[in-house]
Amino acid sequence: MLYLYEILEDYQFATTDAEKEEIFSSFCQKIWEHPNQRTITEKPITFRIKPTLLKTEIGEVFSNYTSIPRNVCPSTTKNTGFASLIRQKLNNIYTYFFDENICSRKEYLDLLRLPKKLYFQWESFLGKGEPEWILSPKELSNTLEQAMADAKRLKETCAREKMKLSWEEYKQVAEGYFRRLFEHYQPLEEYQTDHALVLQTGTWNEDNFCISYFCSGLHGYFKNYQKSYYGLYNANSRRKTSYSRCACGNLFLQNRQRNRRLCDTCRKQSRSQSYSRYNEKRKTQLPHS
Ligand SMILES: [Zn+2]
C-alpha cells in the first residue's frame, strides 16, 4: 500500500490527464470502500438496581430508567493507515453536519445519564447509612421525567440544526474537495521553506503531515459548505464574523451590537405576526375610542 504523500506526489508529477484521473479515482475508491464504514448502533445507557433496593419506593422509580435508548456512531479508529483516518474524518463530518439521528452534545448525554448518576448517588448514600436521601420518590420521579423531556427537546433542536444531504450526495461534494486538496498540495519541504516551520524529528513524518493537511482541509471546506448552505458564505470576508443559531435551526450572522436572537425568516414572520396582532387590537379598540 502506498503512502498518502506518494499518491499526492504521483498526482502532481503525472504528465497526462488520464494518468491523473486514474490516481484520483483509485484514491476515492480506497476511501469509500474502506472497511471503516459509518455505522450507527443502538447503545443504551444501562444500570442494574440491587435486588434488595428494587422493592423500595425510590428503587421503583429508578426501575423505569434502567435502560435509556441511545444511538451512537463511532468517532475514532485504532487503524492508523491514511485511508482509515481520512475515512474516519469523513464519517465524523457527516455525523456532525448532516446526520439528524445523532446528537453528540454533552448536555444531551448528561441528561440521558442522569438516572444512572442519581441511582449511584443514592446507593452510596444508603451504604453510608445516612438517615434520609435528598429527594422524595415524587421529586425523583419529577426530576427524571423532566430530564427525559429536556433530552427529547434538545435532540429535536439538534436535528433541526443539521443540513439535508444524503450520503451519496455527500460523497460527490467530498470528492470535489479531494480534488482541490490534490491540486493544492505542497510537499512538506516546500511547506517548511514557505512557512519556516520547525518540526520535531521522529514524532512527525511526511504522511502525518499529509493526513492532517487532508483532514483539516476537509473540515474547513465543510464549514464553508455550511455557510453557503445558509447563504452566509463570503469568500472575500477577512474580518472575524460570528454566527448564531435561531430556534428554527437556521444559522445566521450575528450582529454584535444588537445581539439578535432570530434569523431573517423568523424575524420577518414574527414582525408580520405582531403587526397583524397590532391591527386586530386596533380594530377591536377603534369602535370604543
Ligand atoms: Zn429562524
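Helices, taken as DSSP runs of at least four residues, and strands, taken as runs of at least two, are numbered from the N terminus, and R38 is found in the loop between two such elements, α2 and β1. The model described here is a predicted one, and the chain contains 10 helices and 6 strands.

In its overall dimensions, the chain has a radius of gyration of 27 Å, whereas a compact globule of 289 residues would have a value near 19 Å. The C-alpha trace spans about 75 × 75 × 35 Å along its principal axes. Buried residues account for 14% of the 289 residues in the chain. Of the contacts between residues at least 6 apart in sequence, 68% join residues that are at least 24 apart.

The largest nonpolar core comprises 18 residues, of which L4, L8, F82, I86, C210, I211 and F214 touch the most other members. Two or more residues are contributed to this core by each of α1 (4-13), α2 (17-32), α4 (82-98) and α9 (206-229), and the largest share, 6 residues, comes from α9. Apart from this core lies another, of 12 residues, which includes F62, L140, L144 and A151.

For α1 and α2, the axes lie 8 Å apart and the helices pack at an angle of about 155 degrees, which makes α1 roughly antiparallel to α2. The crossing by which α1 passes α2 is left-handed, and the contact is made by I7, D10 and Y11 of α1 together with K20, I23, F24 and F27 of α2.

Helix α2 also packs against helix α7 (residues 167-184), with the two axes 11 Å apart and an angle of about 130 degrees between them, so that α2 is oblique to α7. Here the crossing is right-handed. The residues that meet are F24, F27, C28 and W32 in α2 and K171, E175, F178, R179 and F182 in α7.

E33 and T66 are 33 residues apart in sequence, and their C-alpha atoms are 38 Å apart in space. R38, which is found in the loop between α2 and β1, has 15 C-beta neighbours inside 10 Å and so counts as partly exposed. When neighbours within four places in sequence are left aside, R38 is in contact with C73, N91 and Y94. The C-alpha atoms of R38 and E100, 62 residues apart along the chain, are separated by 14 Å.

Residues up to four places away in sequence not being counted, S84 touches H34, N36, T77 and N79. The C-alpha atoms of S84 and Q37 are separated by 9.2 Å, although the two residues are 47 apart along the chain. T76 is found in the loop between β4 (71-72) and α4, and T76 is exposed, with 7 other C-beta atoms within 10 Å. A separation of 9.8 Å is found between the C-alpha atoms of T76 and N36, which are 40 residues apart along the chain.

Key:
Residues are numbered from 1 along each chain as its sequence is written. This is a predicted model: local features need pLDDT of at least 70, side-chain atom pairs count only at pLDDT 80 or more; totals for chains, interfaces and linings use all residues. The radius of gyration is taken over C-alpha atoms; the globule rule is 2.2 Å times the number of residues to the power 0.38. A residue is buried if 20 or more other C-beta atoms lie within 10 Å of its own, exposed if 12 or fewer, and partly exposed in between; C-beta atoms are placed from the backbone. Two residues are in contact if their C-beta atoms, placed from the backbone, lie within 7 Å. A nonpolar core is a set of buried Ala, Val, Leu, Ile, Met, Phe, Trp, Tyr and Cys residues joined through C-beta atoms within 7 Å. Axes are lines fitted to C-alpha atoms, for helices over the stretch in contact, and angles run from 0 to 180 degrees between N-to-C directions. Angles under 35 degrees count as roughly parallel, over 145 as roughly antiparallel, 65 to 115 as roughly perpendicular and the rest as oblique. A crossing is left-handed if the near helix is turned anticlockwise from the far one by less than a right angle, and right-handed if clockwise.
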